[in-house]
Amino acid sequence: MWSGAVLAGGHSSRFGQDKALYPYRGRPLLAWVWEAMAEAEERFVVANRPYPGFTVYPDLRKGGDTLSGLHSALAHARCPWVAVAACDQPFLTAEFWRFLLERVQPHLQAVVIGLEGALEPLGALYHKSLEAEALRRLEGGLLRLQDLIQSVPHLVLDKREVEARFGPRLFLNANRQSDLP
């Protein structure tokens, strides 16, 4: 059992409009990520504005960027594992999430993709037990997700191998509309 959380709390300032609602190949970007999480026990969006047709929870502690979104996802999730993705990751798939979930081990608190020390904090799994540590870091101004991940038991899957299996655009970061293929 797992929860799916899509983070859509950014301002999309460089993108020029709300990324989550941007029509990409006939559907909003948010819909692509939402669909990839269809096998989750529950799905929701973490955002500070409504998205009609989606369950949306606001940041519980604002001002912490992506860490605020992760904390809120962990706080609202009912399941022990939470798949966390950004609203601009349309190339994630149900098969990708199954692949990550198959690598979960009892002692882990995070399953992420990485390459040579650089971790992909979104498009990752986090254990609900990280909620208190995420809050502690938010309150202390320690906002880097990479630091949070490095401080807890985690598994890093090789980015080259994952992209060879699921495609090189898996972790696309669409800061501008022109970044989308």
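How many aromatic pairs does a search of the whole structure find? The answer is nine. Hello everyone, and before we look at some of them, please keep in mind that this is a predicted model.

Let's start with the rings. A pair of aromatic rings is described by the distance of the centres and the angle of the planes. Take Phe 96 and Trp 97: their ring centres are 5.1 Å apart and their planes meet at 65°, so we call this pair edge-to-face. The cut-off for that label is an angle over 60 degrees. Both Phe 96 and Trp 97 are buried.

Now find Phe 99 and Phe 166. They also make an edge-to-face pair, with 5.3 Å from centre to centre and 65° between the planes. Which helices do these two come from? Phe 99 belongs to helix α3, residues 94-101, while Phe 166 belongs to helix α6, residues 159-166. The two parts are 67 residues apart in sequence, so this pair ties them together.

Stay with Phe 99 for a moment. Its relative accessible area is 9%, so Phe 99 counts as buried. The charged end of Arg 103 sits over the ring of Phe 99, at 3.7 Å from the ring centre. Ring pairs also place Phe 99 in a cluster with Trp 2, Phe 96, Trp 97, Phe 166 and Phe 171. For another arginine over a ring, look at Arg 27, which lies over the face of Trp 32, 3.9 Å from the ring centre.

Next, the strands. Is strand β8, residues 118-127, mostly covered or mostly uncovered? Mostly covered: eight of its ten residues are buried. Strand β8 pairs antiparallel with β6, residues 81-86, through four bridges, and here Trp 81 stands opposite His 127 of β8. With β7, residues 110-115, strand β8 is also antiparallel, joined by five bridges. In that pairing, Val 111 faces Leu 125 from the opposite strand. β7 and β8 make a hairpin with two residues between them, and Glu 116 in the turn has a positive phi of about 50°.

My last stop is Leu 148, in helix α5, residues 145-150. Its relative accessibility is 1%, so Leu 148 counts as buried. What does Leu 148 touch, leaving out residues up to four places away in sequence? Its contacts are Leu 67, Leu 70, Leu 130, Glu 133 and Arg 137. Glu 133 is 15 residues from Leu 148 along the chain, and their C-alpha atoms are 8.0 Å apart.

Methods. Residues are numbered from 1 along each chain as its sequence is written. This is a predicted model: local features need pLDDT of at least 70, side-chain atom pairs count only at pLDDT 80 or more; totals for chains, interfaces and linings use all residues. Side-chain values use heavy atoms; hydrogens and water are left out. Buried means under 20% relative accessible area, exposed over 50%, partly exposed in between (1.4 Å probe, protein chains only). Contact means heavy atoms within 4.5 Å. Rings of Phe, Tyr and Trp (its six-membered ring) pair if their centres lie within 6.5 Å; planes under 30 degrees apart count as stacked, over 60 as edge-to-face and the rest as tilted. A charge sits over a ring if NZ of Lys or CZ of Arg is within 6 Å of the ring centre and within 35 degrees of the ring normal. Two strands pair if DSSP finds at least two bridges between them.
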